[in-house]
Amino acid sequence: MTKQRGMPLYAAVIAVATAMQESSLINLTRATNADSLGLFQQRPSMGWGTPAQLTDPVYATNAFLSALKSYAPNYRSEALWRAAQAVQRSGFPTAYAQWEAQAARMVQALIANGSV
């Protein structure tokens with residue numbers, strides 16, 4: 001999705017690392033924390049979309065990437081955890097950093113596979 005949006009691969013790494021932290025890459029179809037749903041634990045009550053939209057991985061990822069561009073306009077030069085935190089506003093902002101290397105390997109594997 002980052003390619004179609006004209007975003008660098010780093011945006012994909014940020015998105016994957018964020019989803020790894022928020023949901024372990026499990027599409028949460030039942031609210032876990034208040035009304036958080038989907039890969040990114042986005043909340044309908046916070047204007048992210050409807051429950052059906054937030055449990056659609058394509059919609060949820062596009063919503064995350066749009067927010068990344070809006071809330072972290074300098075994400076290309078920021079630490080991954082700082083960019084992710086600008087979007088997610090987590091109580092544990094640096095937790096995203098632990099997934100960066102693994103997310104980068106996953107994105108590279110998708111590129112090598114021709115999936116990106």
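Mentor: We will go through the helix contacts and then turn to a few residues in the loops.

Trainee: Before that, what kind of model is this, and how are residues numbered?

Mentor: This is a predicted model, in which local features need pLDDT of at least 70 and side-chain atom pairs count only at pLDDT 80 or more, while totals for chains, interfaces and linings use all residues. Residues are numbered from 1 along each chain as its sequence is written, and side-chain values use heavy atoms, with hydrogens and water left out.

Trainee: OK, at what angle do H1 and H3 cross?

Mentor: Helix H1, residues 9-23, and helix H3, residues 57-71, cross at roughly 120°, and their axes come within 11 Å. Helices here are DSSP runs of H or I with at least four residues, numbered from the N terminus. Axes are lines fitted to C-alpha atoms, for helices over the stretch in contact, and angles run from 0 to 180 degrees between N-to-C directions.

Trainee: And what do we call that arrangement of H1 and H3?

Mentor: H1 and H3 are therefore oblique to each other, given that angles under 35 degrees count as roughly parallel, over 145 as roughly antiparallel, 65 to 115 as roughly perpendicular and the rest as oblique. The crossing of H1 and H3 is right-handed, a word used if the near helix is turned clockwise from the far one by less than a right angle, with anticlockwise giving left-handed.

Trainee: Which residues meet there?

Mentor: From H1 come Ala-11, Ile-14, Ala-15 and Thr-18, and they meet Phe-64, Leu-65 and Leu-68 of H3, where contact means heavy atoms within 4.5 Å. The residues of this contact of H1 with H3 divide into six nonpolar, one polar and no charged. In that count Ala, Val, Leu, Ile, Met, Phe, Trp, Tyr, Cys and Pro are nonpolar, Asp, Glu, Lys and Arg are charged, and the others, Gly among them, are polar.

Trainee: How does H1 pack with H5, then?

Mentor: H1 and H5 pack at about 125° with axes 8 Å apart, and they are therefore oblique to each other. H1 passes H5 in a right-handed crossing. Among the residues that meet are Leu-9, Val-13 and Met-20 in H1, and Glu-100, Met-106 and Ile-111 in H5. The residues of the contact of H1 with H5 divide into 12 nonpolar, one polar and one charged.

Trainee: You mentioned Leu-9; is that one buried or partly exposed?

Mentor: Leu-9, found in helix H1, is partly exposed, with a relative accessible area of 35%. Buried means under 20% relative accessible area, exposed over 50% and partly exposed in between, using a 1.4 Å probe and protein chains only. Leu-9 and Gln-88 are 79 residues apart in sequence and 19 Å apart in space, C-alpha to C-alpha.

Trainee: Which residues of H4 are buried?

Mentor: In helix H4, residues 80-88, the buried ones are Leu-80, Ala-83, Ala-84, Gln-85, Val-87 and Gln-88. The buried residues of H4 pack against H1, H3 and helix H5, which spans 100-112.

Trainee: So how do H3 and H4 lie?

Mentor: H3 and H4 pack at about 105°, with axes 9 Å apart, and they are therefore roughly perpendicular to each other. The contact is made by Phe-64, Ala-67, Leu-68 and Tyr-71 of H3 with Ala-83, Ala-86, Val-87 and Gln-88 of H4.

Trainee: Switching to loops, is Ser-36 buried or exposed?

Mentor: Ser-36, in the loop between H1 and helix H2 (51-54), has 3% relative accessibility and so counts as buried. A polar atom of the Ser-36 side chain lies 2.8 Å from the backbone oxygen of Asn-33. Leaving aside neighbours within four places in sequence, Ser-36 is in contact with Arg-30, Ala-31, Gln-41, Gln-42 and Arg-43.

Trainee: And Ser-24, buried or exposed?

Mentor: Ser-24, also found in the loop between H1 and H2, counts as exposed at 56% relative accessibility.

Trainee: Which value of phi does Leu-25 have?

Mentor: Leu-25 has a positive phi of about 60° although it is not a glycine. Most residues other than glycine have a negative phi. Gln-41, found in the loop between H1 and H2, likewise has a positive phi, near 50°.

Key. Helices (H or I, at least four residues) and strands (E, at least two) are DSSP runs, numbered from the N terminus. A polar contact is a pair of N or O atoms within 3.5 Å; within protein, one must be able to donate a hydrogen and the other to accept it, and residues adjacent in sequence count only if both atoms are side-chain atoms.
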